[in-house]
Amino acid sequence: MRLAFAAITISLSCLLGSFAAAAETDAGNTVRGGRLYDKWFKEAKVTPPEGNHIAWPESNTKKSGADTFRCKSCHGWDLLGKDGAYSKGSWVTGIVGVKAAAGRDPAAIVDILKDATHGFGGAIADADLVALATFVSLGQYDMDPFIDRETKKALGDAVVGAGIYETVCAGCHAADGKGVKDAEPMGVISNDNPWETMHKISFGQPAEAMPAMWAFGPGVAGDILAYLQTLPAE
Ligand code: HEC
Ligand code: HEC
């Protein structure tokens, strides 16, 4: 899996030639974009928007307000929208995922974010629109090799994950996964929502000094996820 990711990295760096101006900051932009994909207003430290987003469907009355402006609310943590985990439950919108935009020129994705459906021009700073577009273009990866879609069980190596968790994460989250007061216990969130957990392991948590593991590849995040699922789930 790690070798496979190295191959992806190499092909991405070939791809980068085509948008050379952004090349130096692509990794940083990708992980910031991943955090903006969640609560962009928190990551950017701006006032959360009011009311519902223009594209939020009236059929979903379970969610409202600033939450309806988060990319993940319409497009899913697994980036698959109506075809992924949000095909059921309280976040159903019937909206497509963003998979089709992987590898697309970030400038074209910025145009989408400013279009009439999204209306993010102005609300989100231009540099952050570029970060979001970089994430959508370069940061996406398929979570299916790491999470069984039916059982939500992680498919990675929990023993490898334990070593990474204890050296990188436990300083903040503690050995039992309950060390950060405002965060859900790691054993709870990883089992309830493995896609959200994997996204946050890879890209970090909005406006928090939590590391983003994206540069180490999805296999590492998958192994960490597998270990988190063994931690106390209450
Ligand atoms: C309230 C719901 C909603 C939110 C929030 C939202 N989108 Fe979308 N998005 C849509 C809809 C609806 C479409 C399909 C538009 C169409 O088909 O014209 C779409 C399409 C897209 C596409 C094109 C997908 C394709 O197949 O070509 C991208 C990329 C995208 N959104 C990215 C984002 C990003 C990044 C954010 C956060 C900054 C975001 N969206 C927030 C509703 C939303
Ligand atoms: C510097 C401290 C720090 C480190 C190191 C750190 N985190 Fe975090 N983490 C946080 C904080 C702070 C939050 C957000 C709490 C909140 O929601 O306000 C958080 C949130 C999370 C969340 C989301 C919880 C939720 O309720 O939304 C997950 C999952 C997570 N961390 C996993 C990890 C993993 C796995 C690692 C190691 C790869 C890690 N963290 C390393 C500080 C850290």
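His 75 is buried, with a relative accessible area of 12%, where buried means under 20%, exposed over 50% and partly exposed in between, using a 1.4 Å probe and protein chains only. This is a predicted model in which local features need pLDDT of at least 70 and side-chain atom pairs count only at pLDDT 80 or more, while totals for chains, interfaces and linings use all residues. Residues are numbered from 1 along each chain as its sequence is written, ligands are numbered from 1 in the order in which they are written, and side-chain values use heavy atoms, with hydrogens and water left out.

**Iron of ligand 1**
- His 75 (NE2) and His 118 (NE2) are the protein donors of this iron atom, at 1.9 to 2.0 Å, donors being N, O and S atoms within 2.8 Å of the metal (3.2 Å for Na, K and Ca).
- His 75 belongs to helix H4 (residues 71-75), whereas His 118 sits in the loop between helix H5 (106-113) and helix H6 (126-139), so the pair ties together parts 43 residues apart in sequence.
- His 118 is also buried, with a relative accessible area of 17%.

**Iron of ligand 2**
- The iron atom of ligand 2 is coordinated by His 173 (NE2) and Met 210 (SD), at 1.9 to 2.2 Å.
- This pair links distant parts of the chain, 37 residues apart, with His 173 in helix H7 (residues 158-173) and Met 210 in the loop between helix H9 (194-203) and helix H10 (218-228); helices are DSSP runs (H or I) of at least four residues, numbered from the N terminus.
- His 173 is buried at 11% relative accessible area, whereas Met 210 is partly exposed at 29%.

**Helix H10**
- H10 is mostly covered, with 11 of its 11 residues buried, among them Pro 218, Asp 223 and Tyr 227.

How values were computed
Helices (H or I, at least four residues) and strands (E, at least two) are DSSP runs, numbered from the N terminus.
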